[in-house]
Structures are given as C-alpha cells and as structure tokens.
Amino acid sequence: MDFLVLFLFYLVLVLIGVVTVCICSKTHYLKGVVRGGAQIISCIIPKCLQRAMPKLLHYLFRTRNHTFIILHLILQGMVYSEYTWEIFGYCRELEFSLCYLLLPYFLLIINLVFFTLSCVSDPANELLFLQVYEFDEVMFLKNMKCSTCNLRKPARSKHCSVCNRCVHRFDHHCVWVNNCIGAWNTRYFLLYLLTLTASAATMAIVSTVFLVQLVVLSDLYLETYIDHLGHFQAVDIFFLIQYLFLTFPRIIFMLGFVMMLSFLLGGYLCFILYLAATNQTTNEWHNGDRAWCHYCRHVARPLSADTQVNRNIHSHGLWSNLGEVFLPATAPYERKKN
C-alpha cells in the first residue's frame, strides 16, 4: 500500500509540474520559478557538476545532435520488447483477437515512417516563400532582414539558432527529431505525434484489458486477505494493483509509463491540432501577445477586444487551415486577393 501511495503521489507531482509549465510558459512567473529553483539546486550540486551542466545542456538543446533520437528509439524498443515478450504471449493464451494485438505494431510502422520523414525532411527554404503570406506589420514586418543570414525575412519565418538557418512558417525546433518543424514537415510531425499517441494509448488499453481479464478469470476480486492487524479484509482495488505489481512488475511499470505518456502526448496533440485548426504556429502562439502589446504601446492605444479577436490574419476557416498544413501554401498572397 505504501508503494502505491508513493507511486501515485509521484505521478500527480509530474502532472502538476507539466501543467504548471504549460500555464506559466506565456508569463514571466516561470522565469522566477526557474531562477529560484536554480539557486536552491546550486547549494546542493557540487561545483564541478555545476560547471559541466551548462555545457551539457547547451550540447543537448542548443546544438544539433542525435542524442534524443537514440533515446527515443531505445525507449520505444524497450516498451515494444516488453509488450512482445510478455503481454502478447499472455494475451494469445487468453485467446485475444490477433488483429487487436497486432494493432500496436501496425501503428509502430506508420509512426517510424513519419518519424523518419520529420527527421530528414527540409522544413522549408525561406527564399522560395518570400510572398506566400501577408505581413501583419506586428509580429512580421515587411522588408525586414535576418540579422544572421542577412536575407529578407518572409512573413511567418524565424531564424533557428540551433539549425543556424531561417525557416519559413517556423513552429519550433524539436530535439526528438533533431530538426526544425516548418511549412514542409509540419504534416509529417503531426502524423508522427498522432501515431505515437495512438500506439501508446493502444498498448495501455491492451495491457489494462489483459490485467482485468486476468483478475476476472482468477476470481481474485472475490478473495480476502489478512491485514497488518490480523483482520480479514475483502480485496479492494488498491490491493489488486499492489498484488499485480508484485506478480507482473515489468508489465505494471510499462503500463504506468504508457498511460502517463498517453496523457502527455494526448494533451500536446490537442494543442498542436488547435494550432493547425486556427492556422497558428507555436512560435506565433507563444510570442503573439508580447508582440501585440508592444505594438499597442508603440501606437499609443490599448489592445481592444476586436483587435485580439481579429489579429490572426492567416486563419481562413477550419478546413482551409487544416488543408494548409497538409498542402503548404505556395501561391503569393497577392494572387489570393484577386
């Protein structure tokens, strides 16, 4: 019982931390929290590790490397190895449908295809998109040049310091695919994320159904046990989870991992779908409020409700926005006005 409580407490803390980061990501509170946390940690970690940590973080997150790609493949291989080694065999003995059991492998193949495309595809050469989108004169100013590339910046483009190049319709730099997400590979990244979420959720469902079927067939839920006071107690859900963990520890750990992964990926997938449906990028969503507040201070007028509603000039309806993700816009915006 103690292990279960601590494990659930750990999961709750992780989820609260992720939600807090998501909420604070557009405010200045996160910087203060990170700064305060860094000061506390600096009192605990030895000086040699403190000196090495910035170099390690710079290598992992500020340079192009294959560390997270390798980590991604290792984690995926470990999960599927456990699924194949134990769950698949047990489920076949319980006469589960073969199509049902093979679905995670089918999703894995599709996921690896789009994962590879997200890694190797060019996000977009900005020189080919100089007049695809209209300049809103707030976030994207006309006739602006990139201070690094010394090239004219199209609307919705941004220079990536990791890849050291300008990317059209820049969304973000993803360390898991070691590539920028831009106009030409957003569709691959979206499908990669969709299939990864679906595969994690499918494995979580199959594992849960297997454990429930095992409990039902063994009539374990009808049994009793003796507690630490010597009293007979009916088996409850907490006892069942603890018993299953002691009997199938690797399956329970895998189930906890894929369930947490399903929730995290599912939340991020919903966010990415929201951006696609409204024709925004992560960069525009994150920096939009700051740019508009700066713009309103510059023109000396408050940010009205109408301005907030109508500021996204690139959104043209749900289906048009989604179509633009899978078929990136190439026609100059001057032609669209005619």
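Colleague: Where is the place of N178?
Modeller: Keep in mind that this is a predicted model. N178 has a positive phi of about 55° although it is not a glycine, and with a relative accessible area of 6% it is buried. Its place is in the loop between β3 (172-174) and β4.

Colleague: Is E95 buried or exposed?
Modeller: E95 also is not a glycine and has a positive phi, of about 60°. Most residues other than glycine have a negative phi. E95 sits in the loop between α4 and α5. Its relative accessible area is 71%, and the cut-off for this class is over 50%, so E95 is exposed.

Colleague: How many helices and strands does the chain have?
Modeller: Let me start with the whole chain. Of its 338 residues, 36% count as buried. Among contacts between residues at least 6 apart in sequence, 66% join residues at least 24 apart. As for the elements, the chain has 12 helices and six strands.

Colleague: Which residues touch the most other members of the largest nonpolar core?
Modeller: That core has 27 residues. The elements giving two or more residues to it are α4 (67-93), α5 (98-120), α6, α7 (237-247) and α8. Apart from it lies another core, of 18 residues, among them C174, I181, L190 and L193. Back in the largest core, the residues touching the most other members are Y83, I87, C91, L101, L211 and M254.

Colleague: Which residues is M254 in contact with, leaving aside its neighbours within four places in sequence?
Modeller: M254 belongs to the largest nonpolar core. Leaving those sequence neighbours aside, its contacts are V79, E82, Y83, I87, M203 and S207.

Colleague: What is the volume of the largest cavity?
Modeller: The count comes to three cavities of 30 Å³ or more. The largest cavity has a volume of about 100 Å³.

Colleague: Why does N185 count as buried?
Modeller: N185 is found in the loop between β4 (179-181) and α6. Not counting residues up to four places away in sequence, it touches S118, S121, P123, N179 and C180. Buried means under 20% relative accessible area, and N185 counts as buried because its relative accessibility is 0%.

Colleague: How far apart in space are V132 and A155, C-alpha to C-alpha?
Modeller: V132 lies in the loop between α5 and β1 (158-160). At 3% relative accessibility, V132 counts as buried. Along the sequence, V132 and A155 are 23 residues apart. In space, C-alpha to C-alpha, the distance between V132 and A155 is 7.7 Å.

Note on methods. Residues are numbered from 1 along each chain as its sequence is written. This is a predicted model: local features need pLDDT of at least 70, side-chain atom pairs count only at pLDDT 80 or more; totals for chains, interfaces and linings use all residues. Side-chain values use heavy atoms; hydrogens and water are left out. Helices (H or I, at least four residues) and strands (E, at least two) are DSSP runs, numbered from the N terminus. Buried means under 20% relative accessible area, exposed over 50%, partly exposed in between (1.4 Å probe, protein chains only). Contact means heavy atoms within 4.5 Å. On a 1 Å grid over the protein atoms alone, a cavity is a set of points where a 1.4 Å probe fits but cannot get out, and a pocket is an open set with protein on both sides within 12 Å along at least five of seven lines; lining residues have an atom within 4 Å of a point. Grid points are joined across faces, edges and corners, and a volume is the space filled by probe spheres set on the points. A nonpolar core is a set of buried Ala, Val, Leu, Ile, Met, Phe, Trp, Tyr and Cys residues joined through side-chain atoms within 4.5 Å.
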